[in-house]
Amino acid sequence: MIDDSLTVRAAARRELEGDNYRVIETDNPIAVPYIVWKERPDLLLLDVNMPAMNGDQVAKLMGLETRKQVIILLYSSLGLTELRRLARLCGADGSIQKTGRPGELVEALRKWVE
């Protein structure tokens, strides 16, 4: 999970770890290629609006081989139409809207990893 908000990362971590997901997190989008190489995650959850580099920009930088091995999802409070448009444009596999509702993130991720 890449998000510049410590609060969002902490809430997501609690929710995901509570459902037995292993969570690797950072607030540094520039570190994503190294994290992917080192940790080999199944999925990247990229915040769209970050100061150094937006999640859609990070997704564009991921090579074709990485895109074949890792599910890339944009994660934002943007409207669904805009979020889906950005996901298509940057080559992400899809998107999940941040709603803050308990259990919603886990439910959305299950559809992608099963």
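In the predicted model, the largest nonpolar core holds 19 residues, of which Val-32, Leu-44, Leu-46, Met-62, Ile-72 and Leu-74 touch the most other members; a nonpolar core is here a set of buried Ala, Val, Leu, Ile, Met, Phe, Trp, Tyr and Cys residues joined through side-chain atoms within 4.5 Å, and buried denotes under 20% relative accessible area, exposed over 50%, and partly exposed the range in between, with a 1.4 Å probe and protein chains only. Two or more residues of this core come from each of helix H2 (32–39), strand S1 (43–47), helix H3 (55–61), strand S2 (71–76) and helix H5 (80–90), where helices (H or I, at least four residues) and strands (E, at least two) are DSSP runs numbered from the N terminus. The most is given by H5, with four residues. Apart from this core lies another, of 13 residues, among them Ala-12, Val-23, Tyr-75 and Leu-105.

Because the model is predicted, local features need pLDDT of at least 70 and side-chain atom pairs count only at pLDDT 80 or more, whereas totals for chains, interfaces and linings use all residues. Residues are numbered from 1 along each chain as its sequence is written, and side-chain values use heavy atoms, with hydrogens and water left out.

Leaving aside neighbours within four places in sequence, Val-32 is in contact with Ile-2, Leu-44, Val-58 and Met-62. Ile-2 itself is placed in the segment before H1 and is buried, with a relative accessible area of 4%. With neighbours within four places in sequence again set aside, the contacts of Ile-2 are Thr-26, Asn-28, Pro-29, Val-32, Leu-44, Leu-45, Leu-46, Asp-47 and Met-50.

Beyond neighbours within four places in sequence, Asp-3 is in contact with Val-8, Arg-9, Thr-26, Asp-27, Asp-47, Met-50, Tyr-75 and Lys-98. Between Asp-3 and Ile-72, which are 69 residues apart along the chain, the C-alpha separation is 14 Å.

Two packed helices are described by the angle between their axes and the distance between the axes. For helix H1 (residues 6–17) and helix H6 (residues 104–113), the axes come within 9 Å and cross at roughly 60 degrees, the axes being lines fitted to C-alpha atoms, for helices over the stretch in contact, with angles running from 0 to 180 degrees between N-to-C directions. H1 is therefore oblique to H6, given that angles under 35 degrees count as roughly parallel, over 145 as roughly antiparallel, 65 to 115 as roughly perpendicular and the rest as oblique. Ala-12, Glu-15 and Leu-16 of H1 make the contact with Glu-104, Leu-105, Val-106 and Leu-109 of H6. By class, this contact of H1 with H6 comprises five nonpolar, no polar and two charged residues, where Ala, Val, Leu, Ile, Met, Phe, Trp, Tyr, Cys and Pro count as nonpolar, Asp, Glu, Lys and Arg as charged, and the others, Gly among them, as polar.

Ala-12, in helix H1, is buried, with a relative accessible area of 3%. Apart from neighbours within four places in sequence, Ala-12 is in contact with Met-1 and Leu-105; the C-alpha atoms of Ala-12 and Leu-105 are separated by 7.5 Å, although these residues are 93 apart along the chain. Ala-10, also placed in helix H1, is partly exposed, with a relative accessible area of 28%, and its C-alpha atom is separated by 9.3 Å from that of Glu-25, 15 residues away along the chain.

Positive phi values occur in residues other than glycine. Asn-20, in the loop between H1 and H2, has phi near 70 degrees and counts as exposed at 74% relative accessibility. Arg-40, in the loop between H2 and S1, has a positive phi of about 50 degrees and is exposed, with a relative accessible area of 53%.

Definitions and conventions: Contact means heavy atoms within 4.5 Å.
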